[in-house]
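Trainee: Please take me slowly through one part of this model, the way its pieces are packed against one another, and then follow a few of the residues involved.

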Amino acid sequence: MSRTIGLLVCLSVVAMDITAGVLGIKAEAAQDQMKHVKLWLFECKEPSHEAFTLGAAAATLLGLAHVVANMLGTCTICSQQGTQKASPSRHCSLACLLLTWAALAVGLALLVIGTISNHKARATCGFTDRHYLFVGGILCFVHAGFSTGYYLTATA
């Protein structure tokens, strides 16, 4: 029974990550539809409210998926002695856990940067900051893969 519940929660984490990835990519598409003027490395653009809301939703879903994934799997390697005596499955679990945190940190940072750039009430000019939302959305898919790997190896 608990294994079935764990599998359902794991699938819901994957679904949240995939939804966050799709929303991030759609936010990038909405941002690209706004008026852009580009001159070498500098770019002036109008903010997109749709990109702002989609980016905020993607960042929220990524954070929620990470919290649920970390509550689902348990870190069984807590000390230096534990890592030396642990099975290869536990080592893989720890690697997936660390990669999950890395995907969250970079993906969430990119989604937040892309979202904030669309929050301003007026057009902004500066260095090109394109594709933050797109890459953040792709990292949501990466997070889904590592979260699944973490769950599978932690419960093996």
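**Helix packing and a buried histidine**

Mentor: H1 and H5 are therefore roughly antiparallel to each other, a label given to angles over 145 degrees, with under 35 called roughly parallel, 65 to 115 roughly perpendicular and the rest oblique. This is a predicted model, in which local features need pLDDT of at least 70 and side-chain atom pairs count only at pLDDT 80 or more, whereas totals for chains, interfaces and linings use all residues. Residues are numbered from 1 along each chain as its sequence is written, and side-chain values use heavy atoms, with hydrogens and water left out.

The angle between H1 (residues 2-32) and H5 (residues 132-154) is about 170°, and their axes are 7 Å apart; axes here are lines fitted to C-alpha atoms, for helices over the stretch in contact, with angles from 0 to 180 degrees between N-to-C directions. The contact of H1 with H5 has 17 nonpolar, eight polar and three charged residues, where Asp, Glu, Lys and Arg count as charged, Ala, Val, Leu, Ile, Met, Phe, Trp, Tyr, Cys and Pro as nonpolar, and the others, including Gly, as polar.

H1 also packs on H2 (residues 49-72), at an angle of about 160° and with 8 Å between the axes, which makes H1 roughly antiparallel to H2. In the contact of H1 with H2 there are 19 nonpolar, five polar and three charged residues.

The axes of H2 and H5, in turn, come within 11 Å and cross at roughly 15°, and that makes H2 roughly parallel to H5. On the H2 side the contact (heavy atoms within 4.5 Å) includes Leu 62, Ala 65 and His 66, and on the H5 side it includes His 143, Ser 147 and Tyr 150. Sorted by class, the contact of H2 with H5 has nine nonpolar, five polar and no charged residues.

Setting aside residues up to four places away in sequence, His 143 touches Asp 17, Leu 62, Ala 65, His 66, Thr 100, Ala 103 and Leu 104. With Leu 62 the separation is 81 residues in sequence, but 8.3 Å in space from C-alpha to C-alpha.

Thr 100, one of those partners of His 143, lies in H4 (residues 88-116) and is buried as well, with a relative accessible area of 2%. Apart from neighbours within four places in sequence, Thr 100 is in contact with His 66, His 143, Phe 146 and Ser 147. Ser 93 is likewise placed in H4 and is buried at 4% relative accessible area; its partners, again without residues up to four places away, are Tyr 150, Thr 153 and Ala 154.

As for the setting, the protein has five helices and three strands, taken as DSSP runs numbered from the N terminus (helices H or I, at least four residues; strands E, at least two), and along the sequence they follow the pattern α-β-β-α-α-α-β-α. Of the 156 residues, 38% are buried, and among contacts with a separation of 6 or more, 82% join residues 24 or more positions apart.

Conventions: Buried < 20%, exposed > 50% of the residue type's maximum accessible area, 1.4 Å probe, protein only.
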